[in-house]
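Open the model in your viewer and keep the sequence panel beside it. The stops below tell you what to select and what you will find there.

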Amino acid sequence: MIDLNQHMNTLMGGYLQAAKVSVFSKVSAVFSTIAVLWFGGHILDKADFGLFMMALAYVTLVGMLIAGPFCSVILYHASRLEGDGDDTGLGQMMTGRALSWVCFYGLIFIGVSLLLSGCIEQLFGEIGLKKWIIYLSPLILFEPLRRVLAIWHRAKQEVKISITYNEIYPNLLKVLTLFIAYVMLPSMEGVTLAMNIALFLPLLMIFWKAPIMPNIGEKVFTKWDIEYGSKNLMTYGLNQQSRGFDLLLVGALSSAVVAADYAIAMRLGRFLLIGKQALSQLLAPRLGALFGQKDKATAAAEFKIVRTVGVIVAIAGALGVLLMGEWVTSWFCTSCYNAYPILLILSAAFIMNTAFGSAEDYMTMAGHAGWNLSLSVVSTGIMIAMSVLLIPTMGGEGVALAVLTAFVVRGVSMIWAIHKLDGILLLTRSQMMASVFISGFLMILGLSL
């Protein structure tokens, strides 16, 4: 009993420490979001601000996709290793090898983006987008390099290091550099220079903290790793419904002005995910370690705790949206009058996202990459189809409804798949009722405004 109590105290202490750092990270994210929206909205006119957010979504999404498969493989293997998470040196070797491939693919995608920037501009029908893509293209390399270095620490359950360098420092530096740009160089060049510096410095800092050199010679990834990483790459890309993919759809099917409204609502709405994200930083490597020990019962128990916290925080955030959302959206753009209805519908979407917990992390760490991919294809296909149908007539509200539907389809199907594959029911129908009721109320209110 003493050993069990000590284990529980250590476990809760680990989650508490992760939550403290993650909450500080989310506070920094609040200021970072305010900085990007406020300085961007005041330095640039509304159309240019929409172009900036579209180009930022593009380069960030590409960078995240480059890092995605390598991060999933490192997290899967290193979290299962004994001791401090890297006794055999496998995690470090994998990280070094991943860095070399990230450099290779990152430089290729930067070159392709520069060459095709004019075509991308014509595809979206937005004059001026080309220049924004060119100026922000270095982020395609900075983003995945930092993420790969951070995931190695996360896999070893060094969540504080991972969050500090991957989230806190980039967020704080965005605030600082954008403020300097606002004072000294209030222009497109100032904004893009600020964003590049804000993401390049944390990369140098995390490398200095624990240097890992790119590993060009050793082949550490197996055929299984390549297949697993490839499936997770496609899954990761498909699951970016509210992290850039949605904004690109708005830009392609409407205008930069509508994209500006949606960008503000999307950035603010994601704060409802703070509770879920605060604990999921530690949950994923914990799940990997527990699956490695064949302890599905404990994995399910920890999943349910994180899910409950996420739902509570999201509902509290939705109350804040109801009370202050319209006022807050007016801070960043006096002409962005349509951001608030979009924010209400996106808040409904994020409540449903938290209602299903970190089901995608569970499936990834359990090794169900094929199922994860198949279900993501279905949900993303539904989102794209609904966006094509709704954006031309409803604008930002249309894609917000598409995101909400995609979250529900993906969540229900993943909970069902986990029950089918592992015999574990992570969510009951009765636990869904409060989330469904509040989400439905917010959706109806947003559509009625």
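**Stop 1: the largest pocket**

The lining of the largest pocket holds 13 nonpolar residues, three polar ones and no charged ones. Here Ala, Val, Leu, Ile, Met, Phe, Trp, Tyr, Cys and Pro count as nonpolar; Asp, Glu, Lys and Arg count as charged; the others, Gly among them, count as polar. You are looking at a predicted model: local features need pLDDT of at least 70, side-chain atom pairs count only at pLDDT 80 or more, and totals for chains, interfaces and linings use all residues. Residues are numbered from 1 along each chain as its sequence is written, and side-chain values use heavy atoms, with hydrogens and water left out.

Select L268, F271, V321, M324 and V328. Of the 16 lining residues, these lie nearest the centre of the largest pocket. The volume of this pocket is about 380 Å³. Now colour α1 (2–43) and α12 (296–332); each supplies at least two residues of the lining. Which helix gives the largest share of the lining of the largest pocket? It is α12, with nine residues.

Some terms for this and later stops. On a 1 Å grid over the protein atoms alone, a pocket is an open set of points with protein on both sides within 12 Å along at least five of seven lines. A cavity is a set of points where a 1.4 Å probe fits but cannot get out. Lining residues have an atom within 4 Å of a point. Grid points are joined across faces, edges and corners, and a volume is the space filled by probe spheres set on the points. Helices (H or I, at least four residues) and strands (E, at least two) are DSSP runs, numbered from the N terminus.

**Stop 2: the whole chain**

Zoom out. The protein chain has 17 helices and zero strands. Of its 449 residues, 57% count as buried. Buried means under 20% relative accessible area, exposed means over 50%, and partly exposed lies in between (1.4 Å probe, protein chains only). Among contacts (heavy atoms within 4.5 Å) with a separation of 6 or more, 84% join residues 24 or more positions apart.

**Stop 3: the second largest pocket**

Select F70, W101, F221, D225 and I226. They lie nearest the centre of the second largest pocket, which has 14 lining residues. Its volume is about 330 Å³. α2 (46–78), α3 and α8 (223–238) each supply at least two lining residues. The largest share, five residues, comes from α8. By class, this lining has nine nonpolar, two polar and three charged residues.

**Stop 4: aromatic pairs**

W101 is partly exposed at 30% relative accessible area, and Y105 is partly exposed at 34%.

Next, select F142 and F200. Their rings form a tilted pair, 5.0 Å centre to centre with 45° between the planes. Rings of Phe, Tyr and Trp (its six-membered ring) pair if their centres lie within 6.5 Å; planes under 30 degrees apart count as stacked, over 60 as edge-to-face and the rest as tilted. F142 lies in helix α5 (residues 139–155) and F200 in helix α7 (residues 188–209), so the pair ties together parts 58 residues apart in sequence. F142 is buried at 15%, while F200 is partly exposed at 33%.

Then show W38, F39, F179 and Y182, which form one aromatic cluster.

**Stop 5: S32**

Select S32, in helix α1. Is S32 buried or exposed? S32 is buried, at 2% relative accessibility. Leaving out residues up to four places away in sequence, S32 touches N171, K174 and V175. The C-alpha atoms of S32 and N171 are 5.0 Å apart, although 139 residues separate them along the chain.

**Stop 6**

The whole structure has three cavities of 30 Å³ or more. Select its lining: K276, M352, N353, F356, G357, A359, E360, F407, R410, G411 and M414. α13 (339–355), α14 (359–366) and α16 (396–422) are the elements that give two or more residues to this lining. α16 gives the most, with four. The lining divides into five nonpolar, three polar and three charged residues.
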